[in-house]
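Visitor: Please take me through a few features of this model and how to read them.

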Amino acid sequence: MQQIINFLTRNKHSLLFLLLLLLSLIFTIQSHSYHRSKFVSSTNFISGGVYGWQHSVSDYFRLKKENERLLDENERLHNRLSALAIDSVALKHIDTLSFDKPYTFIKARVIKNDYSKIDNYILINKGEKDSIFPDMGVITDKGIIGIIENTTKNYGRIISILNSNSRINAGLKKSDQYGSLVWNGKDPNIVQLETIPRQAILKEGDTIITHGRSTIFPRGIGIGTIVNYKLNQNKSYYLIDVKLFNDMTNIGFVYSIKNSDAEEIKSLEKPNL
């Protein structure tokens, strides 16, 4: 208490000046409509800024929930599109939309992503209890990521397309020519497409997609665009550099692709004994 008294005593002149200044401002604002309107405008500006800041902070903390909502919506849309997609040729001969396409999509979050090694893997937070099993393709909304290699009850391991053991059927969007998508271990943004025949007509910027030649990926999922190409030593096949649509160093959420017809197709591919 004594400290407060000492403070007031030491600063009595300054405090008296501030008090008189405050009183004069109050009387001026009350007696002049122009000053009163300016004061109200100023307080509105300040309070508006505070509320705007509070709104921005609230929006930031809602981002995680909003992202989860968008992922759920994307998962539903992927599945609806897969169910409704009908080949344009087949549509000419069939008068019903009661088709069940074999592909469904299961979202997951990436918990570990390697991209600086020769053989890179990605871990996700979904596994067998979520109907994720080996040999399922994995994509983002931009393009392919890899293939499920191994699973436990709660987790899955993806063999990334940035892996020397990765081999994925891929080809030109504008034709039925396809080859094997591989990685030379150099640039995480560039993969290689091999064994495209020399008869193919190529140009830089052409889109490369999955060609649906296996049970893993449906046809038409984006991979990237051609940035460079040349013929191999035998002059029979092209070696193509493909810039990926995905940034493989920055992957947050993915979708695993389940093909409900996979086992039936594989059974036909087995040789008869």
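Visitor: In which helix is Leu 19 found?

Guide: Leu 19 lies in helix α2, residues 12-31. Helices here are DSSP runs of H or I with at least four residues, strands are runs of E with at least two, and both are numbered from the N terminus. The model is predicted, so local features need pLDDT of at least 70 and side-chain atom pairs pLDDT 80 or more, while totals for chains, interfaces and linings use all residues. Residues are numbered from 1 along each chain as its sequence is written, and side-chain values use heavy atoms, without hydrogens and water.

Visitor: What is the phi of Ser 131 near?

Guide: Most residues other than glycine have a negative phi. Ser 131 has a positive one, near 70°, and sits in the loop between β2 (119-124) and β3 (137-139). Thr 195, in strand β8 (residues 190-197), also has a positive phi, near 60°.

Visitor: In what order do the 6 strands close into a barrel?

Guide: Strands of a sheet pair through backbone hydrogen bonds, either parallel or antiparallel. Two strands count as paired if DSSP finds at least two bridges between them. In this barrel the order is β1-β2-β5-β4-β3-β12, with antiparallel pairing. Neighbouring strands of this sheet are turned by 45° against each other on average, direction ignored. Between β3 and β12 (residues 253-259) there are 3 bridges, and Val 138 stands opposite Ser 256 in β12.

Visitor: How many aromatic pairs does the structure hold?

Guide: Rings of Phe, Tyr and Trp (its six-membered ring) pair if their centres lie within 6.5 Å; planes under 30 degrees apart are stacked, over 60 edge-to-face, and the rest tilted. The structure holds 1 such pair. Tyr 229 and Tyr 238 are edge-to-face, 5.7 Å centre to centre with 85° between the planes. Tyr 229 is partly exposed at 29% relative accessible area, whereas Tyr 238 is buried at 14%.

Technical notes
Axes are lines fitted to C-alpha atoms, for helices over the stretch in contact, and angles run from 0 to 180 degrees between N-to-C directions. Buried means under 20% relative accessible area, exposed over 50%, partly exposed in between (1.4 Å probe, protein chains only).
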